[in-house]
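Dear colleague,

Please find below the structure that I am handing over to you.

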Amino acid sequence: MTSNALFPLGRPAFVSNVLDRAAHLRFNDEKLFALESKSDSRAYVVYRDSLLMKQEAGGPRALLTVDEALKFGANPGTIFLGLRDGAAVFGMGIGAPAVEKLLTRDDVALTELRGMAMQGVVPPEQLSAIAMAKSLVSWHQRHGFCANCGARSAMAEGGWKRVCTSCKTEHFPRTDPVVIMLVENGDKCLMGRQKQFPPGMYSCLAGFVEAAETIEDAVRREIFEEAGIHCTDVKYYMTQPWPYPSSLMIGCSARATSDAITVDHMELEDARWFDRDEAMLMLKREHPDGLAGPHPFAIAHHLLGRWLQPD
Ligand SMILES: [Zn+2]
């Protein structure tokens, strides 16, 4: 086994969305307002990289009623995420003063999203909707002013657009493409570690796709820049939304055509070839030297897992 029960092979975090985005409702302010007032409507409340949850006897509850969210002090400008079993789900932000007050209460928990996903604090099928809320709340907080003229912009279409109050330019939430790749060289694969990784952890190399660049070129460029390895045969595997704050990880494989590694120490602390046995021990967290692979919630784990267990 190379994955855990929460994230079986091919199903990392943030890929299982149970919401119907119901985009047609975004254009009807009256209907959205009516949905917000309905008793079965729910909200995810996001503060920076964390989610506000109601602490209950059975464990923390991520989906709050809209009324609970507003009483907690969440900002009233709600983002329509979609419908779940016909009931509306919204994303809401909350300010630091309200959070400080809430943290004195023992019925409220503020949990960092990454840790929450890794530890299974909420069911995996809710993570995608929480990621939507986190990305959109974060985007609105950082885009209060028009990039064209500098005037204030205002939320529109249920939070899926901002419109400048002066020049009327429309602004849309961005998604930044990132390539992440398993590079193989016969029976070895390439992994690297960044300085901020936990001790002993290695993972697949990754980097942002640049302007006017294909995914294939981005894979080849990043591998050469970070490790000095030339590669070919770039193949797409799967994608994973990554809400830090709004990336889309594009998982690929590639075949190396050179062997000697030259590490770019601005980007990586180390990069090495690992054989199959070693990579398997790292994914299982059983490596004798304490080396570890990426966690099953991350797409890198699944790229490696698929390489180790081909169809
Ligand atoms: Zn403007």
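Strand β9 (residues 161-164) pairs with β10 in the antiparallel sense, over two bridges. Two strands count as paired if DSSP finds at least two bridges between them; strands (E, at least two residues) and helices (H or I, at least four) are DSSP runs numbered from the N terminus. Val163 has Glu170 of β10 as its bridge partner.

This is a predicted model, in which local features need pLDDT of at least 70 and side-chain atom pairs count only at pLDDT 80 or more, while totals for chains, interfaces and linings use all residues. Residues are numbered from 1 along each chain as its sequence is written.

The open sheet has three strands in the order β8-β9-β10, with antiparallel pairing. β8 (153-156) and β10 (170-171) are at the edges, each with a single partner strand, so one side of each has no neighbour in the sheet.

Helix α8 (residues 299-308) is largely enclosed by the rest of the structure, because seven of its ten residues are buried (20 or more other C-beta atoms within 10 Å of the residue's own, with C-beta atoms placed from the backbone). Among the buried residues are His301, His302 and Leu303.

The domain assignment, which is automatic or from a database, gives domain 1 (23-134), domain 2 (143-173) and domain 3 (176-308). Seven residues of domain 1 are in contact with five of domain 2, contact meaning C-beta atoms, placed from the backbone, within 7 Å.

With kind regards

Key
A residue is buried if 20 or more other C-beta atoms lie within 10 Å of its own, exposed if 12 or fewer, and partly exposed in between; C-beta atoms are placed from the backbone. Two residues are in contact if their C-beta atoms, placed from the backbone, lie within 7 Å.
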